[in-house]
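Subject: Structure for your review

Dear colleague,

Please find the structure below, followed by an account of what was found in it.

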Amino acid sequence: MAELVGVFAACHGPLIARDWDVMPADHRAKLAAAFDEIGKRLRAARPDLLVVVSPDHWVNFFINNLPAICIGVGDEHDGPPEPFMKKVYPRERLKGHAAFGGHLLQTALDSDFDPALSHRLRLDHGSCIPLWRIGVDAKLPIVPLLVNDLEAPMLNIKRCLAWGRLLRQAIESYPEPLRVAVLGTGGLSHSIGETTMGWIDEEFDRTCIRHFENGDETQLEAFLTSELPRTGNGAHEIRDWVIAHAAAGSTGFELIDYFPSPATFVGAGFASWKPVATVA
Amino acid sequence: MTDYWLSKLFFDLQHDAGLAAAYRADRAAVIDRYEIRPEVRKALLEDDIGILAPRVNAYLLRFYFQIRGMPEAEFIAKLHALDASAKMKAKGVANG
């Protein structure tokens, strides 16, 4: 049986890539240190497979066809299309894992979930900035779980928690002895293309972190359901953290670093969870 | 209210470098390939963010002005000018 060996989350603001060489050196060093720490912990977990939970930034999907959630079941994915990404992460193809992707899809359908599927996704900066900065080995297969975090209406938080539990169930029911890690990307608060653009809602972020630390799903759900509509639109990506959190069993959250990052427009959050073994 | 054809124009510009170059050379000619309403067409030609923003996803709006060639500081200043209270929240933004 497969095993969940590590759960992580990191921000992915595009300016991390676009402005990496020109941002203030001390700021770059803080970002680099946090990503490096995740990389260290990920390598220590010795994963055979990484599930990346991330939004799609209008790359694969548009409003004529916009899944709430989509599983990448292909053997291969395409690398990022953004010119600023090609500069730092010039990978044209990323390795997938069709067998686990298919198992996750089937487990979802058998459990009354209705995901979309894709046999070939193009992974944008949302997935690839963390992969680049964490230093994920090109040989490590990726199974993308793309979540609509950009265009309302979106999955509610209760459903994100359920998706996290489902992901865990799929990992633990996979018949091969795979070591699986999960990486949620995005957040924390930011505001993009709206009248508050640039706003980093530190109070929201710190409360959110407290709820992850506390581990009470009901409180986390109540807080996010009430506060997400009141903060910047980028905070909707917290859904990816929530899925990671629930996959870990909603416990064992450890903040690696958090700081407002005006240079990249985001509340820069980095975390890992110590997955607790499920009692059979 | 989402404007489908405005959104489609922005999406296509993001995905097609040739179209983006054509747009920078002659905005009106490219706009006329889409079913864009007259008031929206005027807003595109005048960079009237106040008209465009409520009609399109905020991320697509940002991509559009990047492709259009507007410096991000100018884009942010225009957004902030739409809402004085929002500007206060975003104070401290380097480019705002």
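Of the 79 residues in the largest nonpolar core, which touch the most other members? They are Leu167(A), Val182(A) and Ala244(A). A nonpolar core here is a set of buried Ala, Val, Leu, Ile, Met, Phe, Trp, Tyr and Cys residues joined through C-beta atoms within 7 Å. A residue is buried if 20 or more other C-beta atoms lie within 10 Å of its own, exposed if 12 or fewer, and partly exposed in between, with C-beta atoms placed from the backbone.

Please note that this is a predicted model, in which local features need pLDDT of at least 70 and side-chain atom pairs count only at pLDDT 80 or more, while totals for chains, interfaces and linings use all residues. Residues are numbered from 1 along each chain as its sequence is written, and chains are lettered from A and ligands numbered from 1 in the order in which they are written.

The core and its surroundings

Helices (H or I, at least four residues) and strands (E, at least two) are DSSP runs, numbered from the N terminus. Ala244(A) touches several residues, including Val7(A), Val53(A), Val182(A) and Trp273(A), when residues up to four places away in sequence are not counted; two residues are in contact if their C-beta atoms, placed from the backbone, lie within 7 Å.

Strand β8 of chain A

In β8(A), 6 of the 7 residues are buried. β8(A) pairs with β1(A) in the parallel sense over 7 bridges, where two strands pair if DSSP finds at least two bridges between them. Within β8(A), Val180(A) stands opposite Leu4(A). Strand β2 (residues 49-55) of chain A also runs parallel to β8(A), joined by 5 bridges, and Gly184(A) is the bridge partner of Val53(A).

Helix α2 of chain A

The 21 residues of α2(A) (residues 25-45) should span 30 Å at 1.5 Å a residue, and the end C-alpha atoms are 30 Å apart, which agrees; the expected span is 1.5 Å times one less than the number of residues. Buried residues of α2(A) are Leu31(A), Ala34(A), Phe35(A), Ile38(A) and Leu42(A). Seen down the axis, the buried residues fall within an arc of 85 degrees, so they line one face of the helix; the arc is that of the directions from the helix axis to the C-beta atoms. The face turned away from the buried side carries exposed residues, including Asp26(A) and Lys40(A).

Backbone details

Most residues other than glycine have a negative phi, and most peptide bonds are trans. A cis peptide bond joins Ala152(A) and Pro153(A), with omega about -5 degrees. The bond from Gly187(A) to Leu188(A) is also cis, with omega near -15 degrees. Asp112(A) has a positive phi near 70 degrees and is exposed, with 8 other C-beta atoms within 10 Å. Ser250(A) has a positive phi of about 55 degrees, and counts as buried with 20 C-beta neighbours inside 10 Å.

Chain B

Chain B has 8 helices and 0 strands, and buried residues make up 31% of its 96 residues. In the interface, 18 residues of chain A are in contact with 23 residues of chain B.

Yours sincerely
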